[in-house]
Amino acid sequence: MNFFQSVYRSLFDIVWLRGQKPETKKAWIYVIFFMLVVSIIQFLPLLWGFPRFFQSARNFVEREVPEFRAELKGGLFTVYDVEQPFIKTYSDDESGKEFIFVLDTVTTTPLNIQDYLPNEDAFGILITRTNAMIYDVNTGDTRIQQWKTIPNQNFTRTDLMEIVRKFTGALSYIIAPTLILLVFFVWTIAKLAYLAFLTLIVRAISAIGKREWKYNEIFVVGLFALTLPTLFQVIMRFMYAPIPFVYTLLLLGYLIAVVFMNQKEEKVISPPVAPPQA
């Protein structure tokens, strides 16, 4: 099977897709290889980004983090030996954006990371006695981690340094491939499960429209047809512009188009008949 040719034809060639319904083995090989390639492309920056990130994290901890003792007990986080609120501002030389780190485990009233951001283009992390709050300027989302969901523990700056040192060795080169394989496995299972669900819908629609398509035939075609919506989904993710339900609409519409396209009659060309010999 020519993989790249199959990718190309899966994007727009409905006639070709109709012809793939008996190609069960070919379809399974294609979708597994396709999902693996897309997973690698999506997370390829991790392969060289992780070692660099952990080395930067180690340098940051050694240079910027003061001596401290921290205790998490009963859902409350307390940091000792550090004057609070502890606020640090860092600038990213590449993007020019600012990163704000705020530590305040003393204040008992609710705090919000937005109150500490100097402008709309700044990232931020706020650590309080009850939660950690992270603001992502790319998506505009604020994620909150409650301390009450984490077991009780104690740690110091020395413990933090030991953790960082472990990740700056060979482990940093193992994490990225492991994550890529994990994402590939989970993402592929999710895609296949959702395809199985959409196939039920298309099968019902085809039965109403009196189209002679079996469930397994629609599913096999769907293994190729998910190429377009998957690539579109990935592109939108890279652009930080996800469109709700676009994957569902594209895949469902594509499968319905395949099922209901008028099948053209094939012209049978007979081989030339040899003239009778004298």
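Rings of Phe, Tyr and Trp (its six-membered ring) pair if their centres lie within 6.5 Å; planes under 30 degrees apart count as stacked, over 60 as edge-to-face and the rest as tilted. By this rule, the structure holds 14 aromatic pairs. The model is predicted, so local features need pLDDT of at least 70 and side-chain atom pairs count only at pLDDT 80 or more, while totals for chains, interfaces and linings use all residues. Residues are numbered from 1 along each chain as its sequence is written, and side-chain values use heavy atoms, with hydrogens and water left out.

**An aromatic pair**

- Phe3 and Tyr30 form a tilted aromatic pair, with 5.6 Å centre to centre and 40 degrees between the planes.
- Phe3 lies in helix H1 (residues 3-12) and Tyr30 in helix H3 (residues 24-64), so this pair ties together parts that are 27 residues apart in sequence.
- Helices (H or I, at least four residues) and strands (E, at least two) are DSSP runs, numbered from the N terminus.

**The sheet**

- Five strands form an open sheet with mixed pairing, in the order E3-E4-E5-E6-E7; two strands pair if DSSP finds at least two bridges between them.
- Strand E3 (86-91) and strand E7 (141-146) stand at the edges with a single partner strand each, so one side of each is left without a neighbour in the sheet.
- E3 pairs with strand E4 (residues 98-104) in the antiparallel sense over six bridges.
- Thr89 stands opposite Ile100 in E4.

**Two helices in contact**

- The axes of helix H6 (residues 215-225) and helix H8 (residues 246-260) come within 10 Å and cross at roughly 125 degrees. Axes are lines fitted to C-alpha atoms, for helices over the stretch in contact, and angles run from 0 to 180 degrees between N-to-C directions.
- H6 and H8 are therefore oblique to each other (angles under 35 degrees count as roughly parallel, over 145 as roughly antiparallel, 65 to 115 as roughly perpendicular and the rest as oblique).
- The contact (heavy atoms within 4.5 Å) is made by Ile218, Val221, Gly222 and Ala225 of H6 and by Leu251, Tyr254, Leu255, Val258 and Val259 of H8.

**The loop between E2 and E3**

- Most residues other than glycine have a negative phi, and most peptide bonds are trans.
- Asp81, in the loop between E2 and E3, has a positive phi of about 70 degrees although it is not a glycine.
- Pro85 lies in the loop between strand E2 (76-80) and E3, and a cis peptide bond with omega of about 5 degrees joins Gln84 and Pro85.
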